[in-house]
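Q: I would like to learn how to read a model of this kind, feature by feature. Where should we start?

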Amino acid sequence: MKHCISNWLASITVLCCIVIARPSLQVLGELQQQAFRITPNDIEAHLGDEVVLRCEIERLAGRVQWTKDGFALGFSNEILGYPRFSLNQNHSTGVFNLRITNASVEDAASYQCQVGPAKHNQPIRAGAKLTVLGSTKGHHGIYHWN
Ligand SMILES: *[C@@H]1O[C@H](CO)[C@@H](O)[C@H](O)[C@H]1NC(C)=O
Ligand SMILES: *[C@@H]1O[C@H](CO)[C@@H](O)[C@H](O)[C@H]1NC(C)=O
């Protein structure tokens, strides 16, 4: 009888361990997913400004690409058709900043840093809005409406 009880207690203990361990395993699974370390902020730029839309990823697994109003800008540092745009990317540090020089009105858009799916990793995306104000910084001419 005494033996039975201790067996029974042992089973309960094992069960408890499983119940307790399971959620922490789930947390571990989530921790291993690729995730943003830095997401881009909405930016208000002036004409001619240099703009950096920041995106940094931890445990990067998928491919990273920026989109402008849903249009994919590709994977290379130089972006075809966008001579003022460049990608400052480093796969080992997870840095994928989009740099725009000499900001122009046509750059105003919704941008997204998109990280593609990979084994055990969900795709993730983070967006920011770039507004380009129609005047250069400190300019007080006729077009200064800000
Ligand atoms: C990426 O970052 C690491 C660490 O800062 C650096 O050693 C490496 O040279 C960088 N790679 C590129 C392609 O810039
Ligand atoms: C910036 O862009 C404007 C047109 O939007 C152009 O007139 C000017 O020359 C450019 N400046 C530089 C430094 O490229």
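A: Take one residue and its surroundings. Leaving aside residues up to four places away in sequence, Leu60 touches Gln34, His91, Gly94 and Val115. Two residues are in contact if their C-beta atoms, placed from the backbone, lie within 7 Å. This is a predicted model: local features need pLDDT of at least 70, side-chain atom pairs count only at pLDDT 80 or more, and totals for chains, interfaces and linings use all residues. Residues are numbered from 1 along each chain as its sequence is written, and chains are lettered from A and ligands numbered from 1 in the order in which they are written.

Q: Is Leu60 buried or exposed?

A: The test is a neighbour count: a residue is buried if 20 or more other C-beta atoms lie within 10 Å of its own, exposed if 12 or fewer, and partly exposed in between, with C-beta atoms placed from the backbone. Leu60 has 21 other C-beta atoms within 10 Å, so Leu60 is buried. Leu60 sits in the loop between strand E4 (56-58) and E5. Its C-alpha atom is separated by 8.2 Å from that of Gln33, 27 residues apart along the chain. In the chain of 146 residues, buried residues make up 17%.

Q: How many helices and strands does the chain have?

A: Helices (H or I, at least four residues) and strands (E, at least two) are DSSP runs, numbered from the N terminus. Here there are one helix and ten strands. From the N terminus on, the order is α-β-β-β-β-β-β-β-β-β-β.

Q: How do I read a pair of strands such as E7 and E8?

A: Two strands pair if DSSP finds at least two bridges between them. Strand E7 (residues 85-90) and strand E8 (residues 95-100) run antiparallel and are joined by six bridges. Phe85 has Ile100 in E8 as its bridge partner. Four residues lie between the strands of this hairpin, where Gly94 takes a positive phi near 75 degrees.

Q: What is the strand order in the open sheet?

A: The open sheet has five strands in the order E2-E10-E9-E5-E6, with mixed pairing. Strand E2 (43-46) and strand E6 (71-72) stand at the edges; each has a single partner strand, so one side of each is left without a neighbour in the sheet. E2 and E10 run parallel and are joined by four bridges, with His46 bridged to Leu133 in E10. E9 and E10 run antiparallel, with seven bridges between them. Along this pair, Ala109 stands opposite Leu130 in E10, and Gln114 has Arg125 in E10 as its bridge partner.

Q: Which residues have the most contacts inside the largest nonpolar core?

A: In soluble globular proteins, nonpolar side chains tend to be buried together. A nonpolar core is a set of buried Ala, Val, Leu, Ile, Met, Phe, Trp, Tyr and Cys residues joined through C-beta atoms within 7 Å. The largest one here has 18 residues, and Ile57, Phe96 and Leu98 have the most contacts inside it. The elements that give two or more residues to this core are strand E3 (51-53), strand E5 (64-68), E7, E8, strand E9 (109-115) and strand E10 (124-133). Not counting residues up to four places away in sequence, Leu98 touches Leu53, Trp66, Phe85, Leu87 and Tyr111.

Q: What is the mean pLDDT of the chain?

A: pLDDT is the predictor's confidence in each residue, from 0 to 100. The mean for the chain is 82, and 71% of its residues reach 70 or more. Over residues 12-21 the pLDDT is below 50, and this stretch has zero contacts in the model beyond near neighbours in sequence. Over residues 140-146 the pLDDT is also below 50, with eight contacts beyond near neighbours in sequence. Where pLDDT is low, the predicted coordinates should not be read in detail.
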